[in-house]
Amino acid sequence: MNSPKKQQLVEQELLSSYESLYRLAFTYVKNEPDAMDVVQESAYKAMKNAGSLKRGDFVRTWLCRIVINTSLELLKQKQREFSRETIADDGREDRYCDFDTIDALEILNEKERAAIVLRYFEDRKLQEVADALEENLSTTKSILYRSLKKLKVKLTEGEVCYES
C-alpha cells in the first residue's frame, strides 16, 4: 500500500472512530480538555506516520495504541491527579457514567486498564485487544481475567454479604 492510500485509510478511520478514540483517551486522562488534546495529538501522529502502517486491516488497533501511548505520555508529563469535578457537562450522554467503576480502574496497571477499556467499554473483539496490547490471545485473556478479579474485589469492598 503506498503512502497516499495509507494516509487516506488513516484519515477515514480517524473520522469514523473519533468518539471511540476520545472515550479511550478520557478513561486515562479523566478530563475533557486533555482527552481532546490526546485525540488531536494522536491524529497528528497517525497522519504523520501513516506510511509506517504495515497492514491496513489493523488501522483501528494501530490508532488505539497511539491514543493509549499519547495518554500515558501526557499523564507522565503532568504527574498530577485528575478529579472528576473537571468533567464538563456539554449535554451529551457519557457512556462512562459509572464513576465507581472508572475510579476502580485506577487499581489496574496500564496494560490491565487498556484491556478492560478496549474489551468492555469499547466492545472490541479479543483479538483486537490482543493486537492493541501487543500480546498473544491467551495472555490477553489472562490479563482480562486477572483484571476483572481485581475490579470485583475493589468494587465489593465494604459490602455486607447476606448469603449463608
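## Salt bridges

This is a predicted model. A search of the whole structure turns up seven salt bridges. One of them joins the side chains of lysine 30 and glutamate 106, at 2.7 Å from N to O. Lysine 30 sits in the loop between α2 (18-29) and α3 (32-48), and glutamate 106 sits in the loop between α5 (99-104) and α6 (110-121), so the pair ties together parts that are 76 residues apart in sequence. How accessible are the two partners? Lysine 30 counts as buried because its relative accessibility is 11%, and buried means under 20%. Glutamate 106 has 44% relative accessibility, so this residue counts as partly exposed.

Glutamate 73 and lysine 45 form another salt bridge through their side chains, at 2.8 Å from N to O. Here the partners lie in helices. Glutamate 73 belongs to helix α4 and lysine 45 to helix α3, so this pair ties together parts 28 residues apart in sequence. Glutamate 73 has 45% relative accessibility and counts as partly exposed.

## A linked network

Which residue pairs with glutamate 112 in a salt bridge? The partner is arginine 146, and their side chains meet at 2.9 Å from N to O. This pair links distant parts of the chain. Glutamate 112 is in helix α6, arginine 146 is in helix α8 (residues 137-155), and 34 residues separate them.

Is glutamate 112 buried or exposed? At 1% relative accessibility, glutamate 112 counts as buried. Arginine 146 has a relative accessible area of 38%, so arginine 146 is partly exposed. The pair also belongs to a network: salt bridges link Glu112, Arg146 and Lys150.

## The nonpolar core

In soluble globular proteins, nonpolar side chains tend to be buried together. In this model, the largest nonpolar core has 41 residues. Val10, Leu24, Trp62 and Leu63 have the most contacts inside this core. Which elements give two or more residues to the core? They are α1 (3-16), α2, α3, α4, α5, α6, α7 and α8. Helix α4 gives the most, with nine residues.

Take leucine 24 as an example. Leaving out residues up to four places away in sequence, leucine 24 touches Cys64, Val67, Ile68, Val117, Leu118 and Glu122.

## A buried serine

Helix α4 also holds serine 71. Its relative accessible area is 0%, so serine 71 is buried. What does serine 71 touch, not counting residues up to four places away in sequence? Its contacts are Ala25, Tyr28, Val29 and Val38.

## An enclosed cavity

Rolling a probe the size of a water molecule over the atoms shows where empty space is left. How many cavities of 30 Å³ or more does the model have? The count comes to one. The largest cavity holds about 30 Å³ of space.

Which residues line the largest cavity? They are Arg60, Thr61, Cys64, Leu118, Arg124, Glu128, Val129 and Ala132. Helices α4 (59-78) and α7 (126-133) each supply at least two residues of this lining. By class, the lining has four nonpolar, one polar and three charged residues.

Technical notes. Residues numbered from 1 in each chain as written. Predicted model: local features only at pLDDT ≥ 70, side-chain atom pairs only at ≥ 80, totals over all residues. Heavy atoms only, no water. 1 Å grid on protein atoms, 1.4 Å probe; cavity = no way out; pocket = protein on both sides within 12 Å on 5 of 7 lines; lining within 4 Å. Points joined across faces, edges and corners; volume = space filled by probe spheres on them. Helix = DSSP H or I, 4+ residues; strand = E, 2+ residues; numbered from the N terminus. Nonpolar A, V, L, I, M, F, W, Y, C, P; charged D, E, K, R; others polar. Salt bridge = Lys/Arg side-chain N within 4 Å of Asp/Glu carboxyl O. Buried < 20%, exposed > 50% of the residue type's maximum accessible area, 1.4 Å probe, protein only. Core = buried A, V, L, I, M, F, W, Y, C linked by side-chain atoms within 4.5 Å. Contact = heavy atoms within 4.5 Å.
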